[in-house]
Amino acid sequence: WCTVASKYLFNSSPLDIDLFSHFIMDDKVKMFLGNYNSIPVASSLMYLSKGVAGLYMIATSNEYRKKGFGSAITSYPMLVAKKMNCPTAILHATPAGRGIYKKIGFIDFKGYNIFWKVGKKYKL
């Protein structure tokens, strides 16, 4: 999961597993990995809170884009959330995924400019 997310979201070497290890045991967090012929090609992370499913770190391998993997790795967590009585889903999207999210049924709500780099410490 960390390899797919870091490579296709941040264009960097694999994320430090320790950064995400605490999520694995948290019932509010679900991490999804999409495979094709045993090759990891897509990832997403879902955070559940108060009936809302937040979808984050949605990524698809460059070689497997435009083949339905992005839609699947976004839609499947929403099905899981619905089964867990979370009727609302939100996501923070990059321009690259905007078309997929609109096709699935998401609508624009609010725009943000966020500057963040994994592994870097910034003074605020």
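Mentor: Start with a term: rings of Phe, Tyr and Trp (its six-membered ring) pair if their centres lie within 6.5 Å, and planes under 30 degrees apart count as stacked, over 60 as edge-to-face and the rest as tilted. This is a predicted model, where local features need pLDDT of at least 70, side-chain atom pairs count only at pLDDT 80 or more, and totals for chains, interfaces and linings use all residues. Residues are numbered from 1 along each chain as its sequence is written, and side-chain values use heavy atoms, with hydrogens and water left out.
Trainee: Which residues do ring pairs link into a cluster?
Mentor: Y36, Y64 and F69.
Trainee: How many aromatic pairs does a search of the whole structure find?
Mentor: Five. One of them joins Y36 and F69, edge-to-face, with 5.6 Å centre to centre and 70 degrees between the planes.
Trainee: Where do Y36 and F69 lie?
Mentor: Y36 is in strand β1 (residues 29-36) and F69 is in helix α3 (residues 69-83), so the pair ties together parts that are 33 residues apart in sequence. Helices (H or I, at least four residues) and strands (E, at least two) are DSSP runs, numbered from the N terminus.
Trainee: And the pair of Y64 and F69, what are its numbers?
Mentor: Y64 and F69 are edge-to-face too, at 5.7 Å centre to centre and 90 degrees between the planes.
Trainee: Is F69 buried or exposed?
Mentor: Buried, at 18% relative accessibility. Y64 counts as buried at 17%. Y36 is partly exposed, at 39%. Buried means under 20% relative accessible area, exposed over 50%, partly exposed in between (1.4 Å probe, protein chains only).
Trainee: New topic. What is the strand order in the open sheet?
Mentor: The four strands run β1-β2-β3-β4, with mixed pairing. The edge strands are β1 and β4, each pairing on one side only. Two strands pair if DSSP finds at least two bridges between them.
Trainee: In which sense do β2 and β3 pair?
Mentor: Antiparallel, over seven bridges, with β2 covering residues 39-49. A42 stands opposite T60 in β3.
Trainee: What about β3 and β4, parallel or antiparallel?
Mentor: Parallel, over four bridges. Strand β3 spans residues 52-60 and β4 spans residues 88-91. A53 has A89 in β4 as its bridge partner.
Trainee: Which unit do β3, α3 and β4 make?
Mentor: A right-handed β-α-β unit. Right-handed means that, with the strands pointing away from the viewer, the path from the first strand over the helix to the second runs clockwise.
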